[in-house]
Amino acid sequence: MTVKLLIVEDEVITRQTLSRLFQQEGYEVFDAADGRQMEHIMAQQDIDIIIMDVNLPGQSGLELAETLREQKNIGLIFLTGRDSDEDRLLALELGADDYLIKPYNPRELTIRARNLSRRIEQINTPKEFMVEGSRQYHFSNWILDCDSRCLYSPEQKVFRLPKSEFRALELFLTQPGKIHDRETLVKKMLDRELRPNDRTVDVAIRRIRRHFESHPETPNLITTIHGEGYRFVGDVEVKVA
């Protein structure tokens with residue numbers, strides 16, 4: 001399978017350099033200067049991975065990332081000159097798979113993209129052909145596969161979870177019935193402390209719930225315990241594929 005990779009970068013020389021780099025690596029490469037061009041290409045091509053800057057004309061990369069995660073199971077790497085922890089954490093919270101700072105090491109970037117493309121390939125692999133030895137959680141006819149970070153619906157629809165959402169759901173499934181407060185969840189998801197007025201956990205739980213709410217028999221697998229946190233209420237079986 002030839003991986004289709006889209007570069008979203010408004011600086012022409014950087015965009016051309018990245019395009020050549022990934023063409024040499026065997027990718028089918030597309031490029032865009034802003035979100036509008038990105039959406040035009042995505043309407044015509046089934047893109048697997050996006051490499052995107054944060055600073056873009058019109059909508060920022062962070063705004064585009066939020067839209068992408070609502071619509072697509074797509075690999076996303078930010079490549080940007082913005083090196084603050086706040087930007088990096090926000091990008092990861094929005095579902096980015098990776099965040100690299102300019103100037104970048106071309107070899108490191110291609111290795112990270114290759115690792116991400118392998119996970120994308122696993123998503124497109126039927127469940128019965130998954131890598132042997134992968135740990136899976138089975139619950140209410142759903143499956144969470146740990147190697148690929150994929151959530152499979154009862155109808156075999158596949159959702160690739162961002163790392164933070166995968167970590168939160170995995171915590172629920174390893175301890176079903178236990179109430180997890182926001183402090184515990186944000187530590188598990190992002191390895192940081194909870195901040196004042198921090199809604200990161202609530203946003204992640206809302207996105208996870210949307211998957212379950214898409215099926216009429218599983219809308220309430222994660223319940224809110226007011227004043228305490230969240231609890232997973234289903235039965236879970238752990239298997240090795």
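Figure 1. At 10% relative accessibility, Asp 97 counts as buried, where buried means under 20% relative accessible area, exposed over 50% and partly exposed in between (1.4 Å probe, protein chains only). This is a predicted model, in which local features need pLDDT of at least 70 and side-chain atom pairs count only at pLDDT 80 or more, while totals for chains, interfaces and linings use all residues. Residues are numbered from 1 along each chain as its sequence is written, and side-chain values use heavy atoms, with hydrogens and water left out. The partner here is Arg 160, and the two side chains meet in a salt bridge at 2.6 Å, N to O. (A salt bridge is a side-chain nitrogen of Lys or Arg within 4 Å of a carboxyl oxygen of Asp or Glu.) Asp 97 sits in the loop between α4 and β5 (98-101) and Arg 160 in strand β9 (residues 158-160), so the pair ties together parts that are 63 residues apart in sequence. Arg 160 is buried too, at 4% relative accessibility. Helices (H or I, at least four residues) and strands (E, at least two) are DSSP runs, numbered from the N terminus.

**Figure 2. Arg 114 reaches Glu 25.** These two form a salt bridge with their closest N and O atoms 3.7 Å apart. Arg 114 belongs to helix α5 (residues 106-123), whereas Glu 25 is in the loop between α1 (12-24) and β2 (28-32), so this pair links parts that are 89 residues apart in sequence. Arg 114 is partly exposed at 26% relative accessibility, and Glu 25 is partly exposed at 36%.

**Figure 3. A pair inside helix α4.** Arg 88 and Asp 85 also make a salt bridge, with 3.7 Å between the closest N and O atoms. Both residues lie in α4 (residues 85-93), 3 residues apart, or about one turn of the helix. Arg 88 comes out as partly exposed, at 33% relative accessibility.

Figure 4. Gly 35, Met 38, Ile 41 and Met 42 are the buried residues to look for in α2 (residues 35-44). Viewed down the axis of α2, its buried residues fall within an arc of 120°, so they line one face of the helix; the arc is that of the directions from the helix axis to the C-beta atoms. Over on the other side of α2, Arg 36, His 40, Ala 43 and Gln 44 are exposed. At the start of the helix, a side-chain oxygen of Asp 34 comes to within 3.2 Å of the backbone nitrogen of Arg 36.

Figure 5. Look for Glu 170 in helix α6 (residues 163-174). Glu 170 is buried, with a relative accessible area of 12%. Setting aside neighbours within four places in sequence, Glu 170 is in contact (heavy atoms within 4.5 Å) with Arg 135, Tyr 137, Leu 144, Cys 146 and Lys 188.

**Figure 6. A salt-bridge network, with the whole chain for context.** Glu 9, Asp 53 and Lys 102 are linked in a network of salt bridges, and the structure holds 19 salt bridges. Zooming out, the secondary structure of the protein chain comes to 8 helices and 13 strands. Its C-alpha trace spans about 55 × 45 × 30 Å along the principal axes. Buried residues make up 50% of the 241 residues in the chain.

How values were computed. Polar contact = N/O pair within 3.5 Å; in protein donor to acceptor, adjacent residues only side chain to side chain.
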